[in-house]
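Here is a short tour of one model. Keep the sequence and the 3D view side by side.

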Amino acid sequence: MSELASLLGEEDPSPAALLATRPHLSLNPIDGLTMEEVPLAAIIAELGTPTWVYSAGAMRARLARLQNAMTGLAEVHYAVKANDHLAVLRLMAAGGAGADVVSGGELLRARKAGIAADKIVFSGVGKTAGEIRLALAEGIEQINVESAEELETVSALASAMGRTARVALRVNPDVDAHTHAKITTGTAKDKFGIPYTDIPAVYRHAAALPGVEPAGLALHIGSQIMSTGPYRAAFARAADLVRALRAEGLEVQKMDCGGGLGVGYHDTADASPDALAGAMRAAFGNLALELMLEPGRWLVAPAGVLLSEVVLVKAGRFVVLDAAMNDLMRPALYDSWHGIVPLRPAAESAVYDVVGPVCETSDTFARARRLPRLAAGEHVALLEAGAYGAVMSSTYNARPRAAIALVDGARWALLRARQTPEELWAGERIPDFLG
Ligand code: LLP
């Protein structure tokens, strides 16, 4: 985008263009912005703002579409970190998905929501002994081991508990996913996985260790990946490893292909599950492997919005919202672009900086964005807020965590009440010696 065009906000897609790719959202002249069959203004009237709203229909439809692309090819394990609300996990379980978890907390959430232990895989570079014991006690499907050191720990803990841990070794294939630097995970300088050149030795060792049974390999090269090129490069490395391990007589059953499938935040289309399936077939199709996938963002990002009220419009230039970086952190953290759609259409437009009230310049949702003209008291929806939204919120500036609602057809329900001020300091203590 040229600097001038961006200053004029000329290249920003219109609300109509943004909504065209999101069938669960529509703008109608009487009710304003509507999710499935529920006018979002009705939710604001009851819950106020800022409020997250998720579309159950969109989440179900996206899971079905992804599973359809993977039929007969791979098992889908939803990456809980993208949106860990129990209701979202219940929906994923009902749609037949397993879970990919990265902490004891996520493991317990997945179990609480009804995801069977034997459909849970546990990834992460720093699983504690307590978390590994929990995974073993629950009898989960697989632990994705990220280092030679962790392999020893899992072996020792499982042996002590009299269990055998099914493990996959996470390969670091040294492939650049061509995404934002902060969410690339598969290059040699990243902390994730075991260097691919070390895999044969570690796998061989795993096969000889007590308490562990190496089931296969795993990889995850990054997030918000928009083309199959990086996947193909990583899968080719992994397929070579599978052949090399088998040539040594080692058993390799499973290949976890990771997550990372991107969505169109601006005016691009979402990454294609069919194209990903094609890349998986091309690399692993004739290796007789059980494939799995760990997508998060693709399943839930477009299904969610963050509703906010315009507090004031300062000097005709700054639209100050009641939502802030503590709620939706992605723009501050990754300079990410999120669509902004007013709940009521307006004939005129203007170019604004859209900001929150937090005392940091990074509390900026959009710069020089052309939007329908806005005034204090009006409402907007920030789009693609269903993934890495509420889960990454904080209470910075003593701002309570926002409410969450779920729409399903013509019904909607509260998923989480807005935090009260008392809840903000519940659990805090002032030591007696402070008087
Ligand atoms: N599997 C593993 C081991 C992961 O680390 C991740 C994401 C996923 C699966 C799911 O990736 P997805 O399909 O959602 O791309 N907060 C950042 C994204 C961080 C992703 C971390 N790992 C953001 O808001 O863009």
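Which residue follows H7, and is its phi positive or negative? Gly-139 follows H7, and its phi is positive, near 70°.

This is a predicted model: local features need pLDDT of at least 70, side-chain atom pairs count only at pLDDT 80 or more, and totals for chains, interfaces and linings use all residues. Residues are numbered from 1 along each chain as its sequence is written, and side-chain values use heavy atoms, without hydrogens and water.

**Helix H7**

Helices (H or I, at least four residues) and strands (E, at least two) are DSSP runs, numbered from the N terminus. H7 spans residues 129–138. Its Glu-131, Ile-132, Ala-135 and Leu-136 are buried (under 20% relative accessible area, 1.4 Å probe, protein chains only). These residues lie on the same side of H7, because they cover an arc of only 135° around the axis. The arc is taken from the directions from the helix axis to the C-beta atoms. Their cover includes the elements below.

| Element | Residues |
|---|---|
| helix H6 | 104–112 |
| strand S7 | 120–122 |
| strand S8 | 142–145 |
| helix H8 | 148–161 |
| strand S9 | 165–172 |

**Cores**

A nonpolar core joins buried Ala, Val, Leu, Ile, Met, Phe, Trp, Tyr and Cys residues through side-chain atoms within 4.5 Å. The largest has 109 residues. Phe-235 is among those with the most contacts inside it. Helix H10 (residues 229–247) gives the largest share of this core, 8 residues. A second, separate core of 20 residues includes Leu-33 and Val-341.

Definitions and conventions: Buried < 20%, exposed > 50% of the residue type's maximum accessible area, 1.4 Å probe, protein only. Contact = heavy atoms within 4.5 Å.
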